[in-house]
Amino acid sequence: MATLKDFRNNVKPNWCPGCGDFSVQAAIQRAAANAGLEPESLAIVSGIGCSGRISGYINAYGFHGVHGRSLPIAQGLKMANRELTVIAAGGDGDGFAIGMGHTVHAIRRNIDITYIVMDNQIYGLTKGQTSPRSAPGFKTKSTPQGSIESALSPLEMALSVGATFVAQSFSSDLKQLTTLIEAGIKHKGFSLINVFSPCVTFNKINTYDWFKDNIVNLDQEEGYDSSNRIQAMTRLMETGGMLTGLIYQDTSKPSYEDQVPGFKQESLSKQNLQISESEFERLVAEFK
């Protein structure tokens with residue numbers, strides 16, 4: 001059985017010291033081990049941005065895609081080999097800007113993958129511009145007088161399009177983050193996990209201390225029902241989206257793969273894809 005060490009490789013992350021993404025990497029490795037996975041049974045697909053580098057820092061199958069396209073790749077990978085555990089990862093710019101269309105449709109399809117968004121509320125790799133998660137008035141190189149746009153509410157959006165697993169955590173809370181990722185892996189459907197992952201270099205507003213002062217932790221609330229979609233939406237709106245923990249889970253909806261007629265459990269790599277000459281002729285005849 002694989003341990004935490006089995007998911008480590010010799011590639012040293014080049015994130016800035018103090019970046020929240022270090023904790024996300026550690027949480028994925030811990031969750032994979034806790035879930036009983038082996039390195040060869042896990043695939044990490046990432047997009048572009050500081051967070052996009054994470055696919056190369058974990059000992060598993062890795063694919064570093066292009067900006068905003070980690071989810072199409074991850075979905076295709078899962079459909080081709082449903083035996084793999086597939087985790088897509090990226091930043092808030094990657095998933096909620098150029099990749100937003102993919103995010104919405106992956107959620108509503110409910111394909112059995114886990115999507116981890118490292119939300120630092122800024123574009124870090126390109127040296128500090130506003131992202132869809134930046135608050136009004138946020139000053140950056142691209143908005144020196146302050147952003148005039150509203151910040152996106154991704155978890156409210158996810159609930160509105162039929163998400164079956166919605167969670168949020170903070171990179172400083174490694175225990176909670178690991179637990180949520182493990183739960184997302186085990187969930188039979190699409191799991192969205194947004195992670196407050198501070199950018200210590202370019203975002204001097206949404207700092208570790210700022211998050212600690214503003215986060216509302218569901219783990220400390222009594223009577224919360226994570227199966228109640230209305231309650232989940234209400235608490236998100238009441239807290240301005242600053243809610244951490246398992247926010248919503250629906251285990252009644254089947255995954256996309258389980259609804260595709262004739263979709264085999266066996267991966268394509270193990271199937272006999274040859275067809276007889278008579279079958280080939282029959283297929284060709286359909287186009288005549």
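**Close-up 1. Contact of helices α1 and α6.** In this predicted model, Ser23, Val24, Ala26, Ala27, Ile28, Arg30, Ala31, Ala32 and Asn34 of α1 meet Leu174, Leu177, Thr178, Ile181, Glu182 and Ile185 of α6, contact meaning heavy atoms within 4.5 Å. By class, this contact has 10 nonpolar, 3 polar and 2 charged residues, where Ala, Val, Leu, Ile, Met, Phe, Trp, Tyr, Cys and Pro count as nonpolar, Asp, Glu, Lys and Arg as charged, and the others, Gly among them, as polar. Helix α1 (residues 21-34) and helix α6 (residues 174-186) pack at an angle of about 50°, their axes 8 Å apart, which makes α1 oblique to α6; angles under 35 degrees count as roughly parallel, over 145 as roughly antiparallel, 65 to 115 as roughly perpendicular and the rest as oblique. The crossing of α1 and α6 is right-handed.

Residues are numbered from 1 along each chain as its sequence is written, and side-chain values use heavy atoms, with hydrogens and water left out. Because the model is predicted, local features need pLDDT of at least 70 and side-chain atom pairs count only at pLDDT 80 or more, while totals for chains, interfaces and linings use all residues.

**Close-up 2. Contact of helices α2 and α4.** Leu71, Pro72 and Gln75 in α2 are in contact with His102, Thr103, Ala106 and Arg109 in α4, and by class this contact has 3 nonpolar, 3 polar and 1 charged residues. The two helices, α2 and α4, pack at an angle of about 30° with their axes 9 Å apart, and are therefore roughly parallel to each other.

**Close-up 3. The buried face of helix α4.** Within α4 (residues 100-109), Met100, Thr103, Val104, Ala106 and Ile107 are buried, that is, under 20% relative accessible area, with exposed being over 50% and partly exposed in between (1.4 Å probe, protein chains only). Seen down the axis of α4, its buried residues fall within an arc of 165°, so they line one face of the helix. Their cover includes α2 (70-80), α3 (92-98), β4 (114-119), α5 (154-160) and β6 (191-196). After α4 comes asparagine 110, which has a positive phi near 65°.

Close-up 4. Glutamine 121 lies in the loop between β4 and α5 and, although not a glycine, has a positive phi of about 60°; at 6% relative accessibility it counts as buried. Lysine 127, likewise placed in the loop between β4 and α5, has a positive phi near 80°, and is partly exposed with a relative accessible area of 44%.

Technical notes
Helix = DSSP H or I, 4+ residues; strand = E, 2+ residues; numbered from the N terminus. Arc of directions from axis to C-beta. Axes fitted to C-alpha atoms, helices over the stretch in contact; angles between N-to-C directions. Left-handed = near helix turned anticlockwise from the far one by under 90°.
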